[in-house]
Amino acid sequence: MSGEQKRQQKKILIGGAMARGYPTDIWTCDRIAHVALEEFGISYNSAHLGRILHKMGYSCQKPTSHSREH
């Protein structure tokens with residue numbers, strides 16, 4: 001990705017996954033790879049994408065589950 005594409009990708013990620021039509025706001029490597037292909041024509045292996053994202057300053061996060069009881 002070029003520097004400009006990285007800036008655009010960051011804006012997309014900040015905007016959230018739901019803004020891109022996903023049912024939840026959680027970005028997965030598969031989702032990010034799909035957006036990169038759709039927006040920039042760049043195909044990434046989702047397993048390798050984690051390393052690329054880490055170099056861009058992102059880290060893996062695990063969503064916590066919450067009880068639905070009130």
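The protein has three helices and zero strands, where helices (H or I, at least four residues) and strands (E, at least two) are DSSP runs numbered from the N terminus. From the N terminus on, the order of elements is α-α-α.

Please bear in mind that this is a predicted model, in which local features need pLDDT of at least 70 and side-chain atom pairs count only at pLDDT 80 or more, while totals for chains, interfaces and linings use all residues. Residues are numbered from 1 along each chain as its sequence is written, and side-chain values use heavy atoms, with hydrogens and water left out.

I begin with the overall figures. Of the 70 residues of the protein, 24% count as buried; buried means under 20% relative accessible area, exposed over 50%, and partly exposed in between, with a 1.4 Å probe and protein chains only. The accessible surface comes to about 5500 Å², and 53% of that belongs to carbon and sulfur atoms. These areas come from the Shrake-Rupley method with a 1.4 Å probe. Contact means heavy atoms within 4.5 Å. Among contacts between residues at least 6 apart in sequence, 32% join residues at least 24 apart.

I turn now to the cavity. A search of the whole structure finds one cavity of 30 Å³ or more, a cavity being a set of points on a 1 Å grid over the protein atoms alone where a 1.4 Å probe fits but cannot get out.

Helix α3 (residues 46–55) supplies the largest share of the lining, three residues. By class, the lining has seven nonpolar, one polar and no charged residues; Ala, Val, Leu, Ile, Met, Phe, Trp, Tyr, Cys and Pro count as nonpolar, Asp, Glu, Lys and Arg as charged, and the others, Gly among them, as polar.

Q9 deserves a separate word. Q9 lies in helix α1 (residues 3–15) and, at 2% relative accessibility, counts as buried. Beyond its neighbours within four places in sequence, Q9 is in contact with M1, I32, V35, A36 and F40.

Finally, the aromatic residues. The rings of Y22 and W27 have centres 6.0 Å apart and planes at 70 degrees, so the pair is edge-to-face (centres within 6.5 Å, planes over 60 degrees apart). Y22 is buried, at a relative accessible area of 19%.

Definitions and conventions:
Rings of Phe, Tyr and Trp (its six-membered ring) pair if their centres lie within 6.5 Å; planes under 30 degrees apart count as stacked, over 60 as edge-to-face and the rest as tilted. On a 1 Å grid over the protein atoms alone, a cavity is a set of points where a 1.4 Å probe fits but cannot get out, and a pocket is an open set with protein on both sides within 12 Å along at least five of seven lines; lining residues have an atom within 4 Å of a point. Grid points are joined across faces, edges and corners, and a volume is the space filled by probe spheres set on the points.
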